[in-house]
Amino acid sequence: MEILGMHYEARLVEDREQRRIARGDTEQLMAIEGGMSGWASEEDDLCEACCCRDDGKGEPVCCCCAPCTQTGLTCTRLLLSRPGRVCLLFTFMLLLYLFYLGVSWSVEVQAFGEESTAVRTGINTTRAKEVLSSLCDAYNKKEVSGDACHRLCFNQDWTIADFYEGNKVVVMIKDGGQQAVFKSLHASIEDYDTPPEGEDEKHFLQRVRDKTNEELMLGWPSDLIDHLLSILWPSHLRSSGQQLSAADRRSLWALMQQPEYLTFRILPLSRVTPKVIGSCGHMYEVESLVAFRMKGYYMNLKGKILVHLMGTLKLFYEFLNEPLQWCDVRFDNLGLSAEYPKRFVMMDGDLLFTESRLKALMTAKSCKTDEDCAIGDCTSRCQANYKCGPRLNENLDVFCEKLINKLFGNAWSKSNKYLNACHDTVTNTTTKLNDLRLTWSWTLSDV
């Protein structure tokens, strides 16, 4: 019996040794296949620290009572190894950075100014409702049309959040938690010229194309009139090719007489104009933006404001082969939206021109002095023939004078390429713009 006991014990020891060797071979193979052979010493330390014991069933169990499986050991070894810890740290920092980017922009917009949904006091709500009621009456009589008419006129119990009537009419309506902004150059459809009666659609569309080219000078070709109509009057796409009704023509022609409507509709690729959501008669609805009004405590954010200004300036110069010319440069004309990072959006586009259009306007002006040639902030010189020449100053000049210098004054550093472009009086404008374009390609590549 003693011999049998010794024989059984020796057999048990031999079986355990064979299992250990087999398990070691498997671990070595997996380490080689997974590229982990260099961590063998760490794996051995881990197994020794685990204090594995036999559970009586032939399976090794750690002292923590968890099965000492190969997969678990491999994952644990990877996480506890030096490369694993570095990967975990890198992943955590990356997630933290992405979270910061997502939050910082929304906080930035809120810091510049919150879009108030409250009704402003002291506005002429009676006059605002008169303007809207007159429009809806014309719509109900089928005198005007538009893709925003039904929504605007279905329930005429409007809550007027804001109203302005001056060089144009702006009505802001509170609709639940959102705001709808309707704009027009004049208050009534009667203030606009009507299209010729009895004119066939082909000639009317030709008139629309000519008006567009006159206003923007982009050379819209005759064979793309249908595409132009789908941009200016999106309801045409949903009409299955039906001809424009008399109400459609009257409404569209009233909109064609408003430069801002054409600018916002035709130039969305500029990425500095707000979206046109729809129209009704002579009024068009634009997206609601956070109006930027320069305040004293914004000086703490002037670095971020500078980036936004330069992002906007970059887009002006990069618009196709027709750089945009802005002749009404004011902080009050700038708007913010979380959908437009690192740039402002034009709140008012009446004095936003393509380069060709501004040149045509200026050279058509008669003059006696240079002051007669100015169009807003865009200056020119009176020539010997008493006609104005092309624009003399640049967008960069006006941005520096009316926006950037108000933020930074005389405090600037040559290491800041943006501020240096405003204060460098030696380098010519062409060279400064070339330097700025290089800087923009690195710092504002996502704009």
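Two strands pair if DSSP finds at least two bridges between them; helices (H or I, at least four residues) and strands (E, at least two) are DSSP runs, numbered from the N terminus. This is a predicted model, in which local features need pLDDT of at least 70 and side-chain atom pairs count only at pLDDT 80 or more, while totals for chains, interfaces and linings use all residues. Residues are numbered from 1 along each chain as its sequence is written, and side-chain values use heavy atoms, with hydrogens and water left out.

Strands β3 (residues 160-165) and β4 (residues 169-175) run antiparallel and are joined by 5 bridges. They form a hairpin with 3 residues between them, and E165 has V169 of β4 as its bridge partner.

Helix α9 (residues 246-256) has 10 of its 11 residues buried, so it is largely enclosed by the rest of the structure. Buried means under 20% relative accessible area, exposed over 50%, and partly exposed in between (1.4 Å probe, protein chains only). Among the elements that cover the buried residues of α9 are α7 (201-216), α8 (225-232) and α10 (259-266), together with β6 (276-280) and β7 (283-286).

One of those buried residues is L252. Leaving aside residues up to four places away in sequence, L252 touches F204, V208, L229, L232, W233 and L244, where contact means heavy atoms within 4.5 Å. The largest nonpolar core has 63 residues, of which L232, L252, L309 and M310 touch the most other members. Such a core is a set of buried Ala, Val, Leu, Ile, Met, Phe, Trp, Tyr and Cys residues joined through side-chain atoms within 4.5 Å. A second, separate core of 26 residues includes L132, W158, I173 and Y192.
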